[in-house]
Amino acid sequence: MLKKLAIWVGVSQILILLICFIIYKRIDLLAYINVAFVIGAILILLSMAGYVTKGRFFDIVFYSFQHIFSQMTDKDRRPLSELVPQNYLFPFISGIIAISLMLGALFWYM
């Protein structure tokens, strides 16, 4: 578990530095702060969306759309919560770490 978390955090930090270099053509503290905020927010929002979807919140709406718009039998229909991947914890934690590092860099910048 710790190895997967380290991989998620490492990949997110490499992605932040790569996007800093692509967009700003340099890697400095202000560019890191801006990009880390966006990447961290995206990771947190995607993991929270997965958590809400996994919590069977949209299953009734999804079932209704399947019933109205598709020619599936009742045996073939599956709820949306079964179709969504279950590993939303690692993106959430790596997003929290990215936002925490961004806040630390922001305080150091000030």
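Me: In which helix does Gln13 lie?

Reply: This is a predicted model, and the values below are computed from it. Gln13 lies in helix H1.

Me: Is Gln13 buried or exposed?

Reply: Burial is read from the relative accessible area, with buried meaning under 20%. Gln13 has a relative accessibility of 15%, so Gln13 counts as buried.

Me: Which residues does Gln13 touch, not counting residues up to four places away in sequence?

Reply: Gln13 touches Tyr32, Ala98 and Leu101 on that basis. Tyr32 is among the H2 residues that H1 meets, while helix H5 spans 89-109.

Me: Where does Ser12 lie, and what is Ser12 in contact with once its neighbours within four places in sequence are left aside?

Reply: Ser12 lies in helix H1, which covers residues 2-24. Ser12 is buried, because its relative accessible area is 4%. With those sequence neighbours set aside, Ser12 is in contact with Leu43 and Ser94.

Me: Which residues of H1 and H2 meet, and how do they divide by class?

Reply: From H1 the contact includes Trp8, Ser12, Gln13, Ile16 and Cys20. From H2 it includes Tyr32, Val35, Ala36, Ile39 and Leu43. By class, the contact of H1 with H2 has 13 nonpolar, three polar and no charged residues.

Me: How many residues has the largest nonpolar core, and which of them have the most contacts inside it?

Reply: In soluble globular proteins, nonpolar side chains tend to be buried together. Here the largest nonpolar core has 14 residues, and those with the most contacts inside it are Ile16, Cys20, Tyr32, Val35, Ala36, Ile39 and Met102. H1, H2 and H5 each supply at least two residues of this core. The largest share, eight residues, comes from H2. Met102, for its part, is in contact with Ile33, Ala36 and Phe37, leaving aside its neighbours within four places in sequence.

Me: Where is Leu30 found, and how far is its C-alpha atom from that of Ser94?

Reply: Leu30 is found in helix H2. Its relative accessibility is 37%, so Leu30 counts as partly exposed. Leu30 and Ser94 are 64 residues apart along the chain, and their C-alpha atoms are separated by 20 Å.

Me: What is phi of Lys25, and where is Lys25 found?

Reply: Most residues other than glycine have a negative phi. Phi of Lys25 is near 65°, a positive value in a residue other than glycine. Lys25 is found in the loop between H1 and H2. Lys25 counts as exposed because its relative accessible area is 64%.

Notes: Residues are numbered from 1 along each chain as its sequence is written. This is a predicted model: local features need pLDDT of at least 70, side-chain atom pairs count only at pLDDT 80 or more; totals for chains, interfaces and linings use all residues. Side-chain values use heavy atoms; hydrogens and water are left out. Buried means under 20% relative accessible area, exposed over 50%, partly exposed in between (1.4 Å probe, protein chains only). Contact means heavy atoms within 4.5 Å. Ala, Val, Leu, Ile, Met, Phe, Trp, Tyr, Cys and Pro count as nonpolar, Asp, Glu, Lys and Arg as charged, and the others, Gly among them, as polar. A nonpolar core is a set of buried Ala, Val, Leu, Ile, Met, Phe, Trp, Tyr and Cys residues joined through side-chain atoms within 4.5 Å.
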